[in-house]
Every structure is written in structure tokens, then in C-alpha cells.
Amino acid sequence: MAENNLNMQETEQQRVERELKEKVGAKMDRSALTAPNIIKFLVFAIAGIVIFFVNIGESVPMVALVTLVKDFLKPHFDIIITIICGLIFAGYVIGKFIKKDGFCARFFAKDGPVNGVLYLIAIVVCLLCLFNAGPAVLLDPMIGPEAVYLGGSCLVTCAVAGWLVNFLTEYGLIEFLGVLISPLMRRLYKLPGESAIDAMSSFVAAPAVGVFITNKLYNEKVYTKKEASCIMTNFSVVSLGLFALICSNVDRAGMYGNVVLVSLICAFIMAAIVIRIWPLSRKADTYIDGTVQSPEMRKPGKYSAKTFSDAWLAGVTKARDGKVSVLYTCLGDVLGFTLKIVAFVVSVGTIVLWLGYETPVFEWLGMPMIPILSLFQVPDAAVIAPSTLVGISEVLLPSMLIAGKEISECAIFFVCVLSTVQIIFFDESANAMLASDVEWKAWELVCIFLIRTIIAIPFVSIFAHILYPV
């Protein structure tokens with residue numbers, strides 16, 4: 001009798017596991033293995049890989065298209081961003097105070113008073129910069145106008161890349177990679193295999209694009225809240241373009257290859273640590289609809305002779321179900337996600353740029369870092385200490401702060417790499433996270449930034465001493 005009850009319990013558990021996997025896992029339907037579906041999968045998979053990951057000329061097609069659109073719109077960024085920030089603030093006011101049951105109310109449902117203040121700051125900054133009126137400190141080209149430009153750059157990057165990313169997410173490539181890499185990602189990072197695509201997309205596009213993909217897959221119940229949180233804060237690495245710009249800021253173009261390689265190595269090492277500690281370890285293992293992920297689904301799978309065939313089947317099944325119409329029906333979601341980020345970038349960017357250039361706040365904050373840097377024998381510790389924390393505002397600021405200073409190659413390399421592995425910076429990636437559906441608190445992101453900084457210092461210092469011995 002006891003054995004029968006045990007068998008019944010096991011059967012019930014298996015049923016629950018099967019239903020949960022059917023609800024949130026990759027679908028596999030052998031009837032999808034037809035020539036048209038296979039061709040569709042291959043065409044869109046190859047297109048996505050080429051668009052995001054294959055250099056044609058000097059850059060990948062996605063980056064080239066972003067640059068083309070950016071160059072075309074750049075002279076009009078001030079007007080475009082002013083209009084966008086004005087619409088965002090007006091929509092917030094309408095949704096919160098005038099018509100509380102319409103489109104605006106739904107669009108701004110998750111936005112509290114702090115968001116409203118940031119939207120107000122954004123439109124004020126845009127108007128003052130547009131008409132060249134207001135405090136001289138705000139009109140400084142490195143503060144107000146720079147924040148507006150960053151907003152325009154973010155608009156183009158997120159809109160173009162956010163649209164193109166459908167080639168990766170809607171036609172089977174991400175399911176194929178997810179099943180193929182899942183055993184490895186689960187063991188190292190407690191994450192599904194699909195998370196590998198986030199790191200790659202950030203690397204070739206922009207951190208906000210990686211966040212957008214993660215948010216999209218969170219809404220599609222591919223990731224739980226905990227998984228999405230871990231992916232956003234560990235794999236939204238800076239793009240190749242930013243790596244080049246950082247090295248250019250310190251006039252060390254020759255460091256580019258070493259900076260990229262060491263940054264990626266450190267980022268993947270750090271992810272295995274940060275994901276397992278507070279606050280990420282406390283995030284809920286629940287999907288967006290409240291479904292609780294079972295312990296069984298978190299167990300790492302094993303590679304077998306069926307792994308590739310299962311990955312292939314999952315990819316083709318998704319391609320069969322993917323509609324070409326999503327390439328235009330997705331535009332609303334892309335713009336909805338992007339426009340809020342633009343307003344955040346302008347407002348938060350203005351604040352942090354002002355703090356970085358006009359106040360000694362970051363110098364004060366950097367003082368406690370001097371003994372930590374000295375502990376790991378990082379040269380010129382007192383000089384570079386402020387740059388270890390200023391990156392929370394703008395990823396380029398650390399390299400800007402040390403540009404032209406007489407410090408060692410080891411110290412320069414250390415600052416360049418550290419700024420790229422901190423992940424959280426409020427002129428782009430952090431704003432994208434705050435605008436996502438994962439419901440971040442700003443203080444959580446600040447804590448993760450500090451944790452990443454402390455963990456990164458010993459690793460980065462080791463590589464700095466090996467490659468650029470003092």
C-alpha cells in the first residue's frame with residue numbers, strides 16, 4: 001500500500017512537472033519538421049546571426065544601421081528628444097491625474113511619483129537646452145546638451161536594435177541555443193541557455209538591447225523574475241563600440257584587444273559569484289504570471305546524443321509558430337520600452353553628469369577605495385580611486401577622469417576594464433532595467449554596482465599586473 005501511494009505521488013509530481021514545462025518551456029513538436037518550417041528557421045536564424053554577429057566591412061549590419069540612422073537624426077536630436085520627453089511627461093500627467101482608465105493610465109501604471117519627477121526634469125532640461133536658456137552649468141556642453149545627445153543615441157540604438165532583435169527571438173534561434181547550451185549555463189550560472197544570447201547581443205549592440213531582450217523573454221515566460229534579474233545585471237556588458245571609445249579616451253588604442261578579452265573573462269567569472277549572493281539570490285523564482293518554477297526545472301540537464309536533435313526540434317517548432325507579421329506588430333512594444341528609457345537617460349544623465357563634473361562627490365566617494373586598491377597593489381591608487389565609482393553614472397566617465405594624467409599603463413588598463421565590468425550605469429543600462437517589467441528598485445541596482453566593483457577589483461588587478469607589470 002505504501003509503495004502504491006509512493007508511486008501515485010511520483011506520478012502526480014511528474015504530471016505537475018510536465019504541465020509546468022509545457023507552460024513555460026521550449027515547445028517541441030515533431031510534426032513541425034517539414035521543409036518549409038526548416039527553411040524558415042534557417043533563413044531567419046542566419047539573418048539574425050549576420051545582422052548581430054557577423055562583421056561586414058568595419059562593423060556588424062545592426063551597428064552600421066544604427067550609426068546610419070544616428071548620423072541622419074543627430075542634427076535634430078534636440079527637437080526630437082524634446083518632443084518625446086514632452087509627450088512622456090504629458091502622458092504621465094494624463095494617466096495619473098486626468099483620465100485614470102485610458103491608454104496613458106495603463107502605459108504609466110507602474111510609474112510612481114519618482115518617475116514623474118524624472119519625466120519633469122527631462123522635459124525641463126530639453127527645453128532649456130533647446131532654447132539655450134537657463135543656468136550656465138546646465139548649458140555646459142558636457143552636462144545638459146550631452147544628456148540630450150545620450151537620450152538621442154539611446155533612442156536610435158534601442159529602437160533599431162529592439163526591432164531587429166525579433167530575428168533572434170521570434171523564429172527559433174534562441175530556442176535552439178537555449179536547449180543546446182542549457183546544461184552548461186545551469187551548472188555555471190543557474191540560468192537557462194537562452195541567457196547566452198543576451199550577453200552576445202549586448203556585446204555587439206548595447207547594454208540596453210540586452211536588457212530589452214531579457215525583458216521580452218521575461219514577458220514571454222522564458223525567464224523567471226530571478227533569472228531575468230541575474231541576466232540583466234551580469235550579462236548586459238558594454239558593446240564593442242564602447243570598448244573602442246573607452247580606449248580612445250585614454251589614448252591607448254593598442255589596449256583594445258586586451259581590454260575586451262579581460263573584460264569578458266572577468267564578467268563571466270563574476271557572474272558565477274554575484275548570482276549566488278544577495279540581493280540576486282533573494283529574487284523570486286516565479287514567472288511573470290505568478291507560476292512558480294519547480295526545483296526540478298532548475299536542475300541542470302545532461303548532454304546526450306539527443307541534445308542537438310532536441311535543440312533543432314525546438315528551433316523549428318518556434319519558427320513554425322513565428323509569424324512574419326511580428327516584425328511590424330512589435331513596433332508598439334519597442335517604442336513603448338524605448339521612450340521611457342530616453343526620458344530617464346536625459347534626467348538621470350543630467351544629474352549624474354553634473355555630479356561628476358561640477359562637484360567633488362565622486363572624489364569623496366572614491367576615498368574609501370584607496371586602501372582597497374592599495375591592498376591589491378594597484379598603482380596610482382589615490383589618483384584613480386574616484387574613477388572606480390564614477391562609472392555608476394556614465395560608463396565613459398572613468399576613462400575621462402584619468403585621460404591625460406601621468407599614471408602607469410597598469411593603472412590605465414585597470415580603470416578601463418573595471419568600468420566595463422561594473423554593468424550598472426545610470427545613463428543607459430540601469431535606466432533600461434528600471435523601465436523593465438522586472439520591477440527593480442534603484443537602491444538594489446546601486447548595491448549590485450558596489451558588490452560588482454568590490455568583487456571585480458582583485459580579478460582585474462591580477463590581469464593588469466600580468467599584462468602591464470609595473
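This is a predicted model: local features need pLDDT of at least 70, side-chain atom pairs count only at pLDDT 80 or more; totals for chains, interfaces and linings use all residues.
How exposed is arginine 320? Its relative accessibility is 29%, so arginine 320 counts as partly exposed. Aspartate 321 is partly exposed as well, with a relative accessible area of 37%.

Aspartate 321 has another partner. Its side chain also meets that of lysine 27 in a salt bridge, at 3.5 Å from N to O. This pair ties together distant parts of the chain, 294 residues apart. Aspartate 321 belongs to helix α17, which covers residues 307–321. Lysine 27 lies in the loop between α1 (2–24) and α2 (35–53). With a relative accessibility of 52%, lysine 27 counts as exposed, because the cut-off for exposed is over 50%.

Which residues make up the network here? Lys27, Asp29, Arg320 and Asp321 are linked by salt bridges.

Glutamate 220 forms a salt bridge with lysine 216, and their closest N and O atoms are 3.6 Å apart. Are the two residues buried or exposed? Glutamate 220 is partly exposed, at a relative accessible area of 31%. Lysine 216 is at 17% relative accessibility and therefore counts as buried, since buried means under 20%.

Lysine 216 brings us to helix α12, where it is one of the buried residues. The helix runs over residues 207–219. Of its 13 residues, 12 are buried, so by the under-20% cut-off the helix is mostly covered. Among the buried ones are Pro207, Val209, Phe212, Ile213, Leu217 and Tyr218. Asn215 and Thr214 are also on that list.

What span should α12 have? At 1.5 Å a residue, its 13 residues should span 18 Å, and the end C-alpha atoms are 19 Å apart, which agrees.

After α12 comes lysine 221, whose phi is positive, near 65 degrees.

To recap, Asp321 in α17 pairs with lysine 27 from a distant part of the chain, and α12 is mostly covered. That is all I have.

Methods
Residues are numbered from 1 along each chain as its sequence is written. Side-chain values use heavy atoms; hydrogens and water are left out. A salt bridge is a side-chain nitrogen of Lys or Arg within 4 Å of a carboxyl oxygen of Asp or Glu. Helices (H or I, at least four residues) and strands (E, at least two) are DSSP runs, numbered from the N terminus. Buried means under 20% relative accessible area, exposed over 50%, partly exposed in between (1.4 Å probe, protein chains only). The expected span of a helix is 1.5 Å times one less than its number of residues.
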